[in-house]
Amino acid sequence: MASIKSALMIKKAFVPIIMAVLIIIALLIYVRILHIDNGNQKEQSSYSGIFIENTDEITAVLRQTLEHRTNSVKITFEAYTLDDTALEEVVDNLVQDAFYESDDPKGGDYLRYQYGGYELRYSSTKSADKYVYNVRLTPVCYTTIEQEEKVDEIVTKLLNTADVTKDSSDYDKAKWVHDYICDTVTYDTVHKHQPCSNHIQSTAYGALYYHTALCQGYAVLAYRLLKELGADVRIITGNSNVSGETEKHAWNIVRIDGLYYNMDVTLDDQDGNTDFFLKTDDYFKDTHIRDAEFTSDEFYQEYPMSEENY
């Protein structure tokens, strides 16, 4: 407050700066989430701007909406100014927060890479000195709840007869998952250059039920099975170039004895070998390029890579 007062006393040239600060403060949004569940109204609230501080309750509702393939969720925002861009950024950040990593095999990257965005409808009305946004968010998922229930059924039966358990070594878990997928899934060359025409091939359901998949389907299934076995795993996206043609691609990193290794089940399945099983970034550098979000110092600190192939 002292700095603002002193600024006011200096020159009129500082007035625009002060006004900008006041506008930013005015843009703070009071967020209130309303979720109707079996006729009971549940409410969570937080006070923030574009980035919400206490998102736990909000992201839990959104995560449940995605996991259960619920048709839509209602969100109400109260703001001191009309700002559609800020509204869309708030919603997008809340949805991304719902993909947080945990021990849940059906959450994290499993949700993130079987999700195709959302439809956002909203209206705004003036209420006293505020504007009220009424938002209806309808997520687009690549699978239905019935298909996910089928995945649950297949995975349960599969792991009940598998040669590995949660007590197996990290290596044995990774090797079993890698070999199982290579033995049972075929790369979908039909939709290779038109993945948007058949999203089911980018899902665990497509890989398990139809036994065909694109690289994303391979990576999602590997993620689901490894998570079910208690392994630490992530899905990495970027580009690959193994035959002179650069393509969008997805693969996994798996933690073995405290360090992470790259594992590309798709390429190993196509080539019939293990050339891309538990390899370092240095080994992958000529054939794989990560998207920027997976190359940050923060990401590497959380997921330290081994400097030696396994």
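Predicted model: local features only at pLDDT ≥ 70, side-chain atom pairs only at ≥ 80, totals over all residues.
Residues are numbered from 1 along each chain as its sequence is written, and side-chain values use heavy atoms, with hydrogens and water left out.

**View 1. Helix α6 from end to end.** Helix α6 spans residues 145-160, 16 residues in total. Helices (H or I, at least four residues) and strands (E, at least two) are DSSP runs, numbered from the N terminus. From first to last C-alpha, α6 reaches 23 Å, close to the 22 Å expected at 1.5 Å a residue. That expected span is 1.5 Å times one less than the number of residues.

View 2. Gln147, Glu148, Val151, Ile154, Val155, Leu158 and Leu159 are the buried residues of α6. They cover an arc of only 120° around the axis, which puts them on the same side of α6. The arc is taken from the directions between the helix axis and the C-beta atoms. Buried means under 20% relative accessible area, exposed over 50%, and partly exposed in between (1.4 Å probe, protein chains only). The buried residues pack against α5 (108-112), α7 (170-184), α8 (204-210) and α9 (215-228). Contact here means heavy atoms within 4.5 Å.

**View 3. The five-stranded sheet.** The strands form an open sheet in the order β11-β10-β9-β8-β12, with antiparallel pairing. Two strands pair if DSSP finds at least two bridges between them. β11 (277-279) and β12 (288-290) stand at the edges with a single partner strand each, so one side of each is left without a neighbour in the sheet. Neighbouring strands are turned by 45° against each other on average, direction ignored.

**View 4. The β10-β11 pair and the helices on the sheet.** Strand β10 (residues 259-263) pairs with β11 in the antiparallel sense over two bridges. Asn262 has Lys279 in β11 as its bridge partner. α7 lies across β9 (247-256), β10 and β11, and runs at about 130° to β11. α9 also packs on the sheet, touching β8 (233-240), β9 and β10; its direction makes about 15° with that of β9. Axes are lines fitted to C-alpha atoms, for helices over the stretch in contact, and angles run from 0 to 180 degrees between N-to-C directions.

**View 5. Asp152 and its two salt bridges.** A salt bridge is a side-chain nitrogen of Lys or Arg within 4 Å of a carboxyl oxygen of Asp or Glu. The structure holds 17 of them. Lys106 meets Asp152 at 3.0 Å, N to O. Lys106 sits in the loop between α4 and α5, Asp152 in helix α6, 46 residues apart. Lys106 is partly exposed, at 34% relative accessibility. Asp152 also forms a salt bridge with Arg224, the closest N and O atoms being 2.7 Å apart. Arg224 lies in helix α9, so this pair ties together parts 72 residues apart in sequence. Arg224 is buried, at 1% relative accessibility.

**View 6. Arg234 and Glu101.** These side chains meet in a salt bridge (3.4 Å, N to O). Arg234 is in strand β8 and Glu101 in the loop between α4 (84-97) and α5, 133 residues apart. Arg234 is buried at 9% relative accessible area, whereas Glu101 is partly exposed at 26%. Salt bridges that share partners join Glu101, Asp109, Lys227 and Arg234 into one network.
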